[in-house]
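Thanks for coming, everyone. I'd like to walk you through one structure today. Please have a look at the sequence and the model first.

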Amino acid sequence: MFAVHGGAGVGLDGATKFLAGGVVAAMASLLGVAHAQAVAPVEGLRRIDVRSAGQPRCSLEASLDVLPSGGETSSMLTWTSSGAVRVTLNGGEVDASGSLAVRPLADAAYTLVAHGAGGASSATCRQEIRVTQPACVDGAICAVSCGTGLIPDVRTGRLLALDPGRLVHVLILAEGYTSADLRRFHVDAPNDVSDWMDAWGRLEVFDTFREAFCFWKLPAVSNARIVAGGAVEDTAFRVPVDLGGEIDFSDPAATDVVEARVWAAVERLPFPPTTFYPTTAERTRGMAKNVVVATMVYEPARARSGFSGRTALLTNPSNAGRTVAAAFAHHRPHEFAHAFARLRDEYLDLDGDPACVPRTGAWTSANVSNVVCESGCGDVPWSHLVAGGAQNPAVQGLVGAFGHVEDGYHPELKCLMNGSRADNATVFGGEADLRTPGRMCNFCRELSAFRLFERIGALEDTTTSYATWQRDYRARFYEAYGLDVPGVVPMETPPGRPVFAGCTPP
């Protein structure tokens, strides 16, 4: 098999490499699928056939194995199989024989698996398509890596093939990097773009569905570095940073400048925003579905991306009803999860100023969150994960209602979205930092998968999308990908003090 890290495209400039087999293998394993035992050698990039007496057979080839950049030219994938009980292409079920036009935006690899019956060996065939790309120059928007757009439909298990415009396009911006600093942004090994990609890929839910994401970078040149607490410098996007090193959008005039410059960059994308959430939704008001921004903010003291992170919805100056979710600065996966999935911080602040407002009505796309004001076992939106239910029949002390009413309850003690405030230790003991950078709690995983299917248009009507997810997708999601159970349950604070704040029984 290829040495893979979960996705389809191969990184174009050495910053990050994605190949196809890892995610496919992981998905197949999670679904209880037997993997190939024998694979014929690759002959060029054209065809790989597996022929073994008494075993499934398959073939897979592309009409073109080299394509120009831009996604305008398609290649026809054609496959055949025999002796298989089930056939998958990049993890999604397909007919025994068929064809599919593909338009990869970056180097891509496709994997066909003909699954044998009763645990018998499977046959695996692979096909690579290379996409030529121009050299990346400063100020240009360049592809980093793009998925094939082929993912399993959680609801049916069948292959879901996304047009390039329906992928989630992530634009990584360089802010505060002078021409002398840009090597650290995207050239040196390691660099801030590759660090960002590595941290993002360590989150299981994103790694699982990375074929639905396309990453771009903009090595924008700043004429000056950022000085925390000083005047806004002559940087590419004019992002203000306060004396404490935090992104500061308190000045509307300064924010307007940032919005104008970021939107000018977003609209230069080969696939700019085309689909938006309804403007009536409180937490997603007019937000672009198919584009997310991640901004690396150069911190001179660290000689790399830094400063304290922040996420914001930036309004399009040309259309006040449209916004784009943007993650800034440090804590990269944490901030991206805010922007992409609208997950909330799970801080505990005993400031005596209750900010939690109980919901009214059903949980919907507009109000469902990993932080809520309810602690009742039947009221929390993760009630399906409480031990004893279909999704979690046995694991006690994993999912509850951790937190307190002033700032809301959240599902689990250790999660990427948890904070590092001193009050965490005051209330629950142990150390203040309860954040686990590489782990999302189970409900955050589910919400991220839900947002992906909403963003790519599989759950198009956001007024009913969460109800549809609950009815048609939720059980299949946990059947396929299971619970993420930490090694220690009940979960502990870092010094080893067990903590479990369960939901409130009726």
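Predicted model: local features only at pLDDT ≥ 70, side-chain atom pairs only at ≥ 80, totals over all residues.

Rolling a probe the size of a water molecule over the atoms shows where empty space is left. Here, the largest pocket has a volume of about 1300 Å³. Its lining counts 40 residues, and those closest to the centre are Arg283, His338, Leu343, Arg344 and Asp345. Which elements give two or more residues to that lining? They are β17, residues 310-316, and α6, residues 332-341. β17 supplies the largest share, with four residues. What about the classes in the lining? We have 16 charged residues, 14 nonpolar and 10 polar.

The partner of α6 is helix α8, residues 442-455. Their axes come within 9 Å and cross at roughly 45°. Who makes the contact? On the α6 side, Ala339, Phe340 and Ala341. On the α8 side, Leu447, Ser448, Arg451, Leu452 and Arg455. By class, this contact has five nonpolar residues, two charged and one polar.

Next, the aromatics. How many aromatic pairs does the structure hold? The count is 25. One of them joins tryptophan 196 and phenylalanine 215. Their ring centres are 5.9 Å apart, with 65° between the planes. That makes the pair edge-to-face.

Last, the backbone. Most residues other than glycine have a negative phi, and most peptide bonds are trans. Now for the exceptions here. The bond from alanine 189 to proline 190 is cis, with omega near 0°. Proline 190 belongs to the loop between α2, residues 182-186, and α3. Another cis peptide bond joins valine 489 and proline 490, where omega is about 5°. Proline 490 is in the segment after α9, residues 465-481. Then there is asparagine 90. Its phi is positive, about 50°, although it is not a glycine. Where does asparagine 90 lie? In the loop between β5, residues 86-89, and β6, residues 92-94.

Terms used. Residues numbered from 1 in each chain as written. Heavy atoms only, no water. 1 Å grid on protein atoms, 1.4 Å probe; cavity = no way out; pocket = protein on both sides within 12 Å on 5 of 7 lines; lining within 4 Å. Points joined across faces, edges and corners; volume = space filled by probe spheres on them. Nonpolar A, V, L, I, M, F, W, Y, C, P; charged D, E, K, R; others polar. Axes fitted to C-alpha atoms, helices over the stretch in contact; angles between N-to-C directions. Contact = heavy atoms within 4.5 Å. Phe/Tyr/Trp six-rings, centres within 6.5 Å; stacked < 30°, edge-to-face > 60°.
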